[in-house]
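Open the model in your viewer and show it as a cartoon.

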Amino acid sequence: ARSVNKKAGLQPYPLLGHLPQFLANRHRVMDWMTEVLARQPTCTLVFRRPGAIPGVITANPANIEHVLRAGFDNFPKGPRFASLLHDFLGRGIFNADGEAWRAQRKAASYEFNTRSLRVFVAQSVHSELHGRLLPLLRRAVSSGQPVDLQDTLERYAFDNICRVAFDHDPRQLPDGDEHGSNAGPAAETASSRFADAFRDAANLSAGRFRYAVPGFWKIKKAFNLGSERRLRESIAMVHGYADRIIRSRRKEMSMGCEKHDLLSRFMASQIDSFTETALRDVVISFLLAGRETTSSALTWFFWLLSSRPDVERRIRDEVAAVRARRARSDLDNAGFDLDELREMHYVHAAITESMRLYPPVPVNFLQAKAADVLPDGTAVGAGWFVAYNSYATGRMESVWGEDARAYRPERWLDTADGTFRPESPFRYVAFHAGPRICLGKEMAYIQMNSIVACVLEEFKLEVDGGYRPRQVPSLTLRMADGLPVRVKARGIFESNNQN
Ligand code: HEM
């Protein structure tokens with residue numbers, strides 16, 4: 001009787017609150033939350049655990065709009081969230097509130113909106129794609145060895161975001177002419193140690209969110225034990241490495257060297273107001289934001305696509321049509337420029353639709369400063385957490401209609417002219433919404449659309465039909481065992497109508 005009841009929603013146990021139901025469903029927490037929220041009268045649950053302050057979890061767009069926009073100042077990330085990530089991120093944009101956040105947001109928004117950054121991003125995406133990712137897939141075709149697509153895309157994204165954030169190349173994917181394993185550099189280098197330490201620091205920091213006894217990590221930290229010791233070591237490695245890059249960049253810039261990456265732009269415009277530690281915090285926040293998000297999005301996308309030849313065919317048709325419209329002088333250009341990517345409405349819709357069902361950031365926590373009442377009437381106490389669940393919101397029939405669970409890129413296209421129609425960001429909350437909406441959204445789409453167009457033009461990625469990925473909701477939604485794919489070349493003479 002205490003499980004989900006259609007009328008009354010999920011009932012808490014005396015003393016134990018919702019903890020027993022939560023623990024019983026831990027292995028499928030996102031789908032469980034979706035079922036629970038779908039049965040709540042307003043897609044919102046007051047969540048109770050013994051000995052902890054309650055909180056609200058919602059998949060209701062009106063509530064989401066309230067906490068992310070109208071009530072923005074009352075719903076910061078808050079000290080609880082900030083303390084978990086502070087050792088790693090300091091007061092970088094991702095982990096800051098109030099004035100510290102506002103100043104960084106203002107400076108970063110300006111830089112993210114320049115055309116020159118967009119061009120620099122497109123160049124970095126192009127060289128990583130054509131110089132490394134596509135050659136790696138060609139080698140996988142020849143060797144017949146399966147590739148872990150999730151790992152490969154994470155390496156791709158890390159190389160890419162490091163270049164964009166501070167013009168550094170950690171070489172997580174080997175160059176096109178380097179042979180050896182399918183992914184990963186042959187020898188351990190300072191760069192690969194940095195990348196490994198970054199991965200550990202991100203995973204171990206995320207692990208702090210998962211303790212059954214919430215503050216237990218603080219005791220381990222005080223005694224420098226186990227995961228907290230490893231976290232301390234990996235953070236020291238990441239910080240030391242980033243500090244060295246920042247110091248040498250300062251020298252280069254004082255000698256008049258002009259660079260286009262985010263760190264150099266920040267240094268050029270904010271040189272007086274940002275200390276070296278503040279610059280490092282900003283860079284690390286960017287690396288974290290760009291590392292696992294696009295790779296998570298594309299991993300789920302390619303998995304969905306592997307059972308949808310109809311969608312794959314429409315993507316290939318659209319990409320071929322864009323190529324066919326090219327002027328003769330451009331025929332040798334292997335990639336797609338920004339204008340061509342903008343013409344690919346179906347590609348854009350197919351990726352967007354995939355993130356509706358598998359948002360890279362599946363849940364996001366805020367903390368109420370003062371008591372408030374949400375638009376659906378839910379009362380929130382001071383200090384409570386308020387989480388919006390993007391995974392559940394993307395699957396609510398009350399938001400998306402009866403076919404909410406179906407993967408249907410067409411729902412994003414104008415029926416008259418086939419152009420992409422954006423949704424309200426409070427219904428489609430994959431990129432967050434309101435004043436803190438993701439700064440890298442456009443950059444992410446340049447990267448994702450380019451990869452999808454170029455990979456599907458040349459290859460077919462096959463996934464074993466029985467493969468059911470297990471989800472790990474870390475900071476991002478990942479597959480516990482990666483995504484093994486077999487890479488097949490598309491024949492040169494293959495018609496677009498075959499898959
Ligand atoms: C598919 C790809 C991506 C998705 C789905 C995504 C999603 C999000 C979400 C949900 C947030 C809010 C997180 C929070 O407040 O806790 C966010 C913030 C942010 N994202 Fe993205 N992101 C993506 C790619 C990127 C990339 C490539 C960058 C490049 C640096 C980036 C930069 C940022 C930054 C700087 C913030 C913090 C904004 C602020 O707090 O003012 N994102 N993103």
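This is a predicted model: local features need pLDDT of at least 70, side-chain atom pairs count only at pLDDT 80 or more; totals for chains, interfaces and linings use all residues.

**Stop 1: the ligand**

Select the ligand and the residues around it. The shell holds 22 residues. Those that come nearest are A289, T293, H432, C438 and G440. Now colour the helices α12 (276-291), α13 (293-305) and α19 (441-458). These are the elements that give two or more residues to the shell. Which of them gives the most? It is α12, with 4 residues.

**Stop 2: C438**

C438 sits in the loop between α18 (397-400) and α19. An unreviewed UniProt entry carries a "binding site" annotation that covers C438. Is C438 buried, exposed or partly exposed? Within 10 Å there are 18 other C-beta atoms, so C438 counts as partly exposed. Now show its contacts. Leaving out residues up to four places away in sequence, C438 touches F431 and H432. H432 is also one of the residues that come nearest to the ligand.

**Stop 3: the sheet of 4 strands**

Move on to the open sheet with the order β3-β4-β9-β6. Its pairing is mixed. The edges are β3 (44-47) and β6 (363-367), each of which pairs on one side only. From one strand to the next, the twist averages 20°.

Walk across the sheet from β3. β3 and β4 run antiparallel and share 4 bridges. Select T44 and look across to β4: T58 stands opposite. Then go on to β4 (residues 55-58) and β9 (residues 385-389). This pair is parallel, again over 4 bridges. Here V56 stands opposite V386 in β9. Backbone hydrogen bonds are what pair the strands of a sheet, in either sense.

**Stop 4**

Select the open sheet with the order β5-β13-β10, where the pairing is antiparallel. β5 (147-148) and β10 (459-462) stand at its edges. Each has a single partner strand, so one side of each lacks a neighbour in the sheet. Zoom in on β5 and β13 (residues 484-489), which pair over 2 bridges. V147 stands opposite V485 in β13.

**Stop 5**

Most residues other than glycine have a negative phi. Two residues here are worth a look.

Select C43, in the loop between α2 (29-39) and β3. C43 is not a glycine, yet its phi is positive, at about 55°. Why does C43 count as buried? Because it has 26 C-beta neighbours inside 10 Å, and 20 or more is the cut-off.

Finish at R171, in the loop between α7 (149-166) and α8 (190-207). The phi of R171 is also positive, near 50°. R171 has 19 other C-beta atoms within 10 Å, so it is partly exposed.

Note on methods:
Residues are numbered from 1 along each chain as its sequence is written. A residue is near a molecule or strand if its C-beta atom, placed from the backbone, lies within 6 Å of it. Two strands pair if DSSP finds at least two bridges between them. Axes are lines fitted to C-alpha atoms, for helices over the stretch in contact, and angles run from 0 to 180 degrees between N-to-C directions. A residue is buried if 20 or more other C-beta atoms lie within 10 Å of its own, exposed if 12 or fewer, and partly exposed in between; C-beta atoms are placed from the backbone. UniProt positions are given in the numbering used here, feature names are shortened, and annotations may be inferred rather than shown by experiment. Two residues are in contact if their C-beta atoms, placed from the backbone, lie within 7 Å.
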